[in-house]
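Please go through the structure below with attention to its helix packing, its nonpolar cores and its backbone exceptions.

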Amino acid sequence: MTDLMSPTVVDADSPGSDPFLTLELDGLRLIEASAGTGKTFTLATLFTRLVIERDLRVGQILAVTYTEAATQELRERLRRRLQLAARIAAEVDDGDVDVDPADSEQALCRALIDAQRQREDPATLCHRLQRAARDMDLAAVFTIHGFCARVLGEHPLETGQPFIAPEMVGSERELLERVATDLWRMLGNEPDSAPLLQRQWPGGLESLVKDLGPLVRTSVLLPSPSAETIDPLPALQSAATALREAFVLHAEDLRAQLDAAISANVLNGNSYKAGMPDALCHKLRLWCDAQAHHPLDPKMERLTPATLLARTNKGKHAQTPSSPLCDCVAAYLDASRIHEAWLAQRGIALVHRVRDEARLRLAALKRSRREQTYDDLIADVATALDSPHGGALVD
């Protein structure tokens, strides 16, 4: 097909003459129709046109659909349409035409045959249609998975497949569970990876199992991991130490300044209320006493110089509270944001690593157990088409 980026859209529900009698037979065409309004009818029209106008043998036309039931319905509709076209061509050739104008299928076939008789010997056209009707057992009408299975089975050299097809399994859940368990154990034993693993999948192994299927099937995983950067943890630890020291030296003075500024209406009353300085200092004291690294309360942002200045009422900026403790709070919050961004990037890299490892392990497990899934059929054909032997497979 050509023109893949700008398909022609045809509304199959539109009134008037059938638009598919004049639709170009190359490029990508999107047929939009409501349920039960004639998509299969339209496919039969296009199939018949390929036989009549393009002189294609039935076996040269590939038709795929989604279910076995739809495949059988389409195959029978194509058979009846070609048999009808062959009968009408024979009757026209004999001069004994019996076409019901109220029958849309008969009218379509008659229009196609009348147009083609202007370009082709009528006897030859009649012979071709009769042959096409006889050859319907050779028609390539498949489900998508059925077609891929046939490609892999008939062209093992070009697709790199074993001559004996693996056993088909309906679900790879058990395989994914095994792969996820192996990955969880491996990454959990790595000091650098274990915290990231818990951070990325806080639900534990079960959450990794749930995500693994979509991950291994995703062809392009975004965002891509960024280049490795220096660990900002030492800078965060240094900022935490400075903040604890500043709290001991300057907390009482800052609290007094804040209380005075609130009483004098220096600071915005919606953001800074009576009692707030005591609450913030209490939370900051608990954080300092904990020693272990954990995030500051988001409300601590109100102690930074930038926030205090921005929320100082008009004309009173000379009275804005100021303290070395405010500078240390701002420095720690900045270092914490940098550290969180670094952890997020490492998390992205971990997801990519898990995806790559899982793909390799899943493929190896399937090979060792000689199993494949329906998704593998499509993926293996796509991989073969992208391989160095893809051209030979297309031919």
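The crossing of helix 10 and helix 13 is left-handed, a term used where the near helix is turned anticlockwise from the far one by less than a right angle, with clockwise giving right-handed. This is a predicted model, in which local features need pLDDT of at least 70 and side-chain atom pairs count only at pLDDT 80 or more, while totals for chains, interfaces and linings use all residues. Residues are numbered from 1 along each chain as its sequence is written, and side-chain values use heavy atoms, with hydrogens and water left out. Helices (H or I, at least four residues) and strands (E, at least two) are DSSP runs numbered from the N terminus.

**Packing around helix 10**

- Helix 10 (residues 233-263) and helix 13 (residues 324-369) pack at an angle of about 155°, with their axes 8 Å apart, where axes are lines fitted to C-alpha atoms, for helices over the stretch in contact, and angles run from 0 to 180 degrees between N-to-C directions.
- That angle makes helix 10 roughly antiparallel to helix 13, since angles over 145 degrees count as roughly antiparallel, under 35 as roughly parallel, 65 to 115 as roughly perpendicular and the rest as oblique.
- The residues in contact (heavy atoms within 4.5 Å) include Leu 236, Phe 247 and His 250 of helix 10, and Leu 325, Tyr 332 and His 339 of helix 13.
- The residues of this contact of helix 10 with helix 13 divide into 19 nonpolar, 3 polar and no charged, where Ala, Val, Leu, Ile, Met, Phe, Trp, Tyr, Cys and Pro count as nonpolar, Asp, Glu, Lys and Arg as charged, and the others, Gly among them, as polar.
- Helix 10 also packs with helix 11 (residues 276-290), at an angle of about 170° and with the axes 10 Å apart, which makes helix 10 roughly antiparallel to helix 11.
- By class, the contact of helix 10 with helix 11 has 11 nonpolar, no polar and 6 charged residues.

**Nonpolar cores and buried positions**

- A nonpolar core is a set of buried Ala, Val, Leu, Ile, Met, Phe, Trp, Tyr and Cys residues joined through side-chain atoms within 4.5 Å, and buried means under 20% relative accessible area, with exposed over 50% and partly exposed in between (1.4 Å probe, protein chains only).
- Of the 33 residues in the largest nonpolar core, those that touch the most other members include Phe 47, Leu 78 and Ile 113.
- The largest share of this core, 10 residues, comes from helix 2.
- A second, separate core of 30 residues includes Ala 239, Leu 258, Leu 296 and Leu 303.
- Thr 48, found in helix 1, is buried, with a relative accessible area of 1%, and leaving aside neighbours within four places in sequence, Thr 48 is in contact with Arg 81, Leu 82, Ala 85 and Leu 112.
- Val 216, in helix 9 (residues 205-217), counts as buried at 11% relative accessibility.

**Backbone exceptions**

- Most residues other than glycine have a negative phi, and most peptide bonds are trans.
- The peptide bond from Leu 222 to Pro 223 is cis, with omega near 0°, and Pro 223 lies in the loop between helix 9 and helix 10.
- Asn 265, in the loop between helix 10 and helix 11, has a positive phi of about 60° although not a glycine, and counts as partly exposed at 45% relative accessibility.
- Arg 370 has a phi near 55°, a positive value in a residue other than glycine, and is partly exposed, with a relative accessible area of 39%.
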